[in-house]
Amino acid sequence: MPDIIVCFKWVIDEAYIRTGSSGALDFRSVNYKLSDYDRNAIEAAVRLKEECGGTVTAVTVGTPGATKGLKDALSRGPDKACFVNDQSFDNLEPSQTAAILTDVIKGRLEYDLIICGEGSSDLYAQQVGPRLAEALGIPCVSFVQKLSIDGNRIIAERKVEEGINIMAAQLPALVTVVPDINNPRIPGVKDTLMASKKEVISVTADDLPATYEPALQTVSMTAASMERNCITFPADQAGIQAFVEALAKEGVLR
Amino acid sequence: MAGIWIFAESLEQTKELLSIGSTLASKLGTMTSVFLQGNTGVADDYIACGADEVLVLTALAEDQPLDAYIPVIAAEAQTADPDIFLIAATVRGKDIAARLAARLKTGLCSECIGLKADENDRTIEMERFAYGGAAIQTVVCSTRPVMVTIIPRTFEAAARQSDRKGTIRELPAAPPSASTVLERKPKETEAKDISESRIVVCAGRGIEKKEDLSLVQELAAALGGEIGCTRPISEESHWLPEDLCIGISGISVKPALYIGLGVSGQVQHITGIRDAKVICAVNKDENAPIFGASDYGIVGDLYDVAPKLSDAVKNMKG
């Protein structure tokens with residue numbers, strides 16, 4: 001019966017990011033969400049548990065403000081969570097997140113399988129999973145769309161450009177999953193109530209053996225602006241005609 | 001030792017990275033080294049396209065995945081200490097890059113869309129998309145090597161030059177892998193490549209049933225274009241192959257004309273069409289974000305508008 005760790009990230013919901021008049025990003029009215037691909041990762045872990053038994057521990061690294069994310073993650077079925085939090089764990093770059101996770105997992109958590117989303121919805125660097133596998137010295141199969149456990153190994157369908165590679169790796173192993181792997185469940189009221197009763201292990205920077213310096217520095221984060229005409233026409237015959245004439249004028253109807 | 005290193009899966013990808021690598025190398029006064037898997041026949045081609053050194057990786061066993069090369073490349077990097085390592089951002093390339101970066105304890109700029117080197121202080125500023133394409137993040141790396149993955153077809157491929165000389169060196173064989181490939185299955189259906197199409201009509205969530213895709217097809221036919229789709233159509237409904245899914249996690253298109261039918265315009269999708277010359281949209285929700293990213297739009301029900309639009313286009317083209 002496998003012990004599964006699933007990693008998740010609590011991120012800014014990009015749908016709430018506005019561009020200010022100066023072209024700078026406006027984060028004032030943002031909401032947070034569970035990173036999209038991590039919903040698939042949690043669902044994959046919970047389904048494996050439903051099939052094979054074992055345990056699921058959800059792990060996240062972030063600022064103390066990410067507590068809402070714990071409840072969200074736990075409402076999706078994991079047994080417990082590990083909350084690695086510190087005021088300094090804000091805007092981490094992938095090498096830092098992977099190093100922190102490595103130290104937390106090595107010292108505290110039992111595992112046969114680690115599941116991560118293919119990337120996070122905010123930075124989408126797609127590095128933490130593979131980096132973590134290397135640091136732990138375990139096999140890594142990334143971009144997996146189907147996953148099963150066969151004795152002491154995993155069988156994983158890896159989605160590659162030209163098709164699918166069916167991969168096998170001995171446990172313990174790490175996989176990153178793509179959204180095709182499942183449709184994540186939507187937690188109900190009962191799930192949310194149960195989530196608040198589940199165990200949360202809190203780990204802070206003081207409990208960790210190292211300081212984690214970034215290798216990448218963000219110099220700037222600017223709006224990806226696009227200058228467009230933004231002209232709209234009504235849906236009547238005249239509007240449609242004017243629309244087609246505008247396209248003809250642009251020289252795109254040939 | 002130093003230099004610009006290049007690792008890609010195919011000849012075309014390697015040549016593309018060579019064009020960036022050679023520019024960086026001449027700016028920083030260093031050389032370029034290119035990894036080559038198995039087939040040594042193209043080594044001279046790489047040299048002609050700008051490689052100063054070709055590092056030949058021994059062919060892998062049938063069941064070995066490409067990541068079996070990680071220990072070989074990491075060992076080579078530890079001796080040669082390259083300045084910059086460019087890797088094509090394919091599925092396997094991204095995985096290998098992240099794992100090599102972990103082994104070499106360095107930073108990695110994933111899916112870089114532009115980079116520039118400062119010849120005085122030798123820093124490399126790299127740009128990439130963040131927040132689903134809503135933002136551009138500029139990063140620098142303070143560790144060595146500076147690692148970068150680049151999505152294939154972001155830059156021009158390097159051209160052959162005459163009279164170029166380079167060296168060819170064989171690397172040790174890869175050790176046994178921790179994971180094995182049991183089977184390689186090709187794609188069942190090969191969809192048309194629309195990344196270079198001149199006109200693209202895109203089906204969005206506003207399409208209610210699979211049969212209604214005919215409305216999209218008719219408009220595309222009237223315009224002489226191809227059809228694409230948003231993520232819900234390919235990934236959730238599976239009405240169209242995912243090779244036609246436009247967006248940050250799918251393909252990018254750069255047509256002269258893009259028309260979205262029932263496309264709401266989430267930033268992830270918009271990122272895939274930002275290089276289109278003219279962007280148009282038909283959506284019944286006047287507040288749909290697609291209108292903010294469009295040159296021309298029609299606020300209306302696509303079921304009513306699309307057939308009329310197809311007719312109007314046919315009339316206009318005569």
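Predicted model: local features only at pLDDT ≥ 70, side-chain atom pairs only at ≥ 80, totals over all residues.
Local features are reported only at pLDDT of at least 70 and side-chain atom pairs only at pLDDT 80 or more, whereas totals for chains, interfaces and linings use all residues. Residues are numbered from 1 along each chain as its sequence is written, and chains are lettered from A and ligands numbered from 1 in the order in which they are written.

Chain A contains 6 helices and 15 strands, where helices (H or I, at least four residues) and strands (E, at least two) are DSSP runs numbered from the N terminus. The C-alpha trace of chain A spans about 65 × 40 × 40 Å along its principal axes. Of the 254 residues in chain A, 48% are buried; a residue is buried if 20 or more other C-beta atoms, placed from the backbone, lie within 10 Å of its own, exposed if 12 or fewer, and partly exposed in between.

Between the chains, 65 residues of chain A are in contact with 68 residues of chain B, contact being defined by C-beta atoms, placed from the backbone, that lie within 7 Å. Helix α6(A) gives the most to the side of chain A that touches chain B, with 9 residues. By class, this side of chain A has 39 nonpolar, 15 polar and 11 charged residues (Ala, Val, Leu, Ile, Met, Phe, Trp, Tyr, Cys and Pro count as nonpolar, Asp, Glu, Lys and Arg as charged, and the others, Gly among them, as polar).

In chain B, helix α5 (residues 213–223) has Leu215(B), Val216(B), Leu219(B), Ala220(B), Ala222(B) and Leu223(B) buried. These residues lie on the same side of α5(B), because they cover an arc of only 160° around the axis, as given by the directions from the helix axis to the C-beta atoms. They pack against β11 (199–203), β12 (226–229), β13 (257–261) and α8 (302–317) of chain B. Just after α5(B), Gly224(B) takes a positive phi of about 75°.

The axes of α5(B) and α8(B) are 9 Å apart, at an angle of about 20°; axes are lines fitted to C-alpha atoms, for helices over the stretch in contact, and angles run from 0 to 180 degrees between N-to-C directions. The two helices are therefore roughly parallel to each other (under 35 degrees; over 145 counts as roughly antiparallel, 65 to 115 as roughly perpendicular and the rest as oblique). By class, the contact of α5(B) with α8(B) has 10 nonpolar, 1 polar and 2 charged residues.

Helices α3 (residues 70–80) and α4 (residues 91–103) of chain B pack at an angle of about 45°, with their axes 10 Å apart, and are therefore oblique to each other. Here Ile70(B), Ile73(B) and Ala74(B) in α3(B) meet Ile96(B), Arg99(B), Leu100(B) and Arg103(B) in α4(B).

Most residues other than glycine have a negative phi, and most peptide bonds are trans. The peptide bond from Leu171(A) to Pro172(A) is cis, with omega near -5°, and a cis bond with omega of about -15° joins Arg144(B) and Pro145(B). Asp163(B), although not a glycine, has a positive phi of about 60°; this residue is exposed, with 5 other C-beta atoms within 10 Å. His238(B), also not a glycine, has a positive phi of about 55° and is exposed, with 11 other C-beta atoms within 10 Å.

Key
Contact = placed C-beta atoms within 7 Å.
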